[in-house]
Each structure stands twice: as C-alpha cells, then as structure tokens.
Amino acid sequence: MPQASKPNFEAAKKILTAYLENKGLRKTPERFAILEEIYTREDHFDVDELYISMKNKRYRVSRATVYNTLDVLVDCDLVTKHQFGKNLAQFEKSYGNKQHDHLICTDCHKVMEFCDPRIQSIQNMVGEMLNFSVLHHSLIFYGNCTKENCQNRKEHTEEVAVGHEIRE
C-alpha cells in the first residue's frame with residue numbers, strides 16, 4: 001500500500017484540524033482516515049472509488065460520511081473537485097501538489113496531467129494587465145489520443161465490446 005507523503009499529510013492534517021475547530025465541527029477518526037486515504041493516492045478519483053477503497057481496507061465509513069468529508073476537504077482547500085465533462089465529479093488532493101492542467105480523452109475518459117510554466121506566466125501577465133488578482137485557474141483540453149497502439153483506447157474498446165455482448 002502506498003504511503004501518504006508524510007510532510008504533506010501531516011500539514012494537511014493540521015489544516016483540517018484547524019478548519020474543524022474554527023467551524024465547530026467534530027474531529028472524527030473517520031475524517032482523518034479519509035484524508036489519509038486521499039493523500040496516499042496519486043490519481044483522480046470519484047466518491048465511489050474512495051468509498052470502495054475505504055471499505056476494502058476495513059474502515060467503517062458510510063457513503064454519506066465520504067460525501068460529507070469530501071465537502072469539508074474541498075472547503076478547506078485540501079482536495080480539488082473537478083467536473084471533466086461527465087456527470088461524475090472527480091477529486092484529487094491539492095495540498096503540496098504542483099500546479100498542473102489536464103487533458104481528457106473523449107474516447108476512454110482517461111485524465112492526463114501536464115505542467116507548462118508558460119501557463120503560469122500567462123496567468124500572471126493577464127492578472128497584471130487587468131489589475132486582477134488571480135487565485136487559481138483551470139485549463140482542460142478535450143480530445144482523442146492519436147497513438148495507434150493506445151492502451152487506454154484498446155481497454156475502452158474491449159469494455160464497450162464486452163458490454164455490447166452482455167446486452168444482446
């Protein structure tokens with residue numbers, strides 16, 4: 001099992017503790033277990049993936065607890081919520097993560113990350129030109145992988161084929 005980056009997780013834990021105290025919310029072991037689970041991940045995830053992962057590790061959490069904790073973690077900027085064009089929200093840890101943007105394959109819905117420092121330069125320049133303090137940005141490119149041997153497209157095609165066979 002991957003370990004949470006110790007310094008990032010410890011800092012995130014302190015931020016969550018301060019946030020909960022400030023809002024008068026309870027500091028439950030489940031909230032901190034969910035935080036730790038998220039900070040061991042290196043990928044984007046949806047609520048059900050997180051819930052199943054917690055259940056598989058024998059944590060006693062309900063779906064409602066996962067949903068509510070994610071809302072709290074988004075509120076205190078420890079988790080980022082994305083809507084990548086599907087109806088399903090996806091999340092990723094945000095504390096200690098470098099700034100990055102996303103590419104989404106419209107065939108298989110794979111999310112890929114990239115970082116280009118020119119985007120930060122553009123953000124800074126536009127903010128200065130328009131006398132605007134940019135807090136953050138979101139840049140998402142949608143398209144299709146053009147690699148002939150794309151593993152994701154192959155997996156997606158197989159899933160569609162299997163799903164089609166089941167329905168007949």
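Student: Let's start with Arg-63: what is its relative accessible area?
Tutor: Happy to, and please keep in mind that this is a predicted model. Arg-63 counts as partly exposed, a class that runs between the 20% and 50% cut-offs. Its value falls in that range, because the relative accessible area of Arg-63 is 38%.

Student: Which residue meets the side chain of Arg-63 in a salt bridge?
Tutor: The N to O distance in this pair is 3.0 Å, and a salt bridge needs the two atoms to be within 4 Å. The side chain that meets Arg-63 in this way belongs to Asp-48.

Student: How many residues apart in sequence are the parts that this pair ties together?
Tutor: The Asp-48 and Arg-63 side chains form the bridge. Asp-48 lies in helix H3 (residues 47-56), whereas Arg-63 lies in helix H4 (residues 63-75). The pair therefore ties together parts whose separation in sequence is 15 residues.

Student: Asp-43 and Arg-41 also form a salt bridge; which of the two is buried?
Tutor: Their N to O distance is 3.0 Å. Asp-43 has 36% relative accessibility, so it counts as partly exposed. Buried means under 20%. With a relative accessible area of 14%, the buried residue is Arg-41.

Student: What about Lys-27: how far apart are the closest N and O atoms in its salt bridge with Glu-21?
Tutor: Lys-27 is partly exposed, at 45% relative accessibility. In its bridge with Glu-21, the closest N and O atoms are separated by 2.7 Å.

Student: How many salt bridges does the model have?
Tutor: The pairs discussed here include Lys-27 with Glu-21 and Asp-43 with Arg-41. By the 4 Å rule, the count comes to 7.

Student: At roughly what angle do the axes of H1 and H2 cross?
Tutor: Two packed helices are described by the angle and the distance between their axes. Helix H1 (residues 6-23) and helix H2 (residues 29-40) have axes that come within 10 Å. H1 passes H2 in a right-handed crossing, and the angle is roughly 145 degrees.

Student: How many nonpolar residues are in the contact of H1 with H2?
Tutor: On the H1 side, the contact has Phe-9, Ala-12, Lys-13, Leu-16, Thr-17 and Leu-20, which meet Arg-31, Phe-32, Leu-35, Glu-36 and Tyr-39 of H2. Sorted by class, there are 3 charged residues and 1 polar one, and the nonpolar count is 7.

Student: Arg-58 has a positive phi; in which loop is it placed?
Tutor: The phi of Arg-58 is near 70 degrees, in a residue other than glycine. Arg-58 counts as exposed, with 73% relative accessibility. Its place is the loop between H3 and H4.

Student: And Asp-77: what is its phi near?
Tutor: Asp-77 sits in the loop between H4 and strand E1 (79-82). Its relative accessibility is 59%, so it counts as exposed. This residue is other than glycine, yet its phi is positive, near 60 degrees.

Notes
Residues are numbered from 1 along each chain as its sequence is written. This is a predicted model: local features need pLDDT of at least 70, side-chain atom pairs count only at pLDDT 80 or more; totals for chains, interfaces and linings use all residues. Side-chain values use heavy atoms; hydrogens and water are left out. Buried means under 20% relative accessible area, exposed over 50%, partly exposed in between (1.4 Å probe, protein chains only). Helices (H or I, at least four residues) and strands (E, at least two) are DSSP runs, numbered from the N terminus. Axes are lines fitted to C-alpha atoms, for helices over the stretch in contact, and angles run from 0 to 180 degrees between N-to-C directions. A crossing is left-handed if the near helix is turned anticlockwise from the far one by less than a right angle, and right-handed if clockwise. Contact means heavy atoms within 4.5 Å. Ala, Val, Leu, Ile, Met, Phe, Trp, Tyr, Cys and Pro count as nonpolar, Asp, Glu, Lys and Arg as charged, and the others, Gly among them, as polar.
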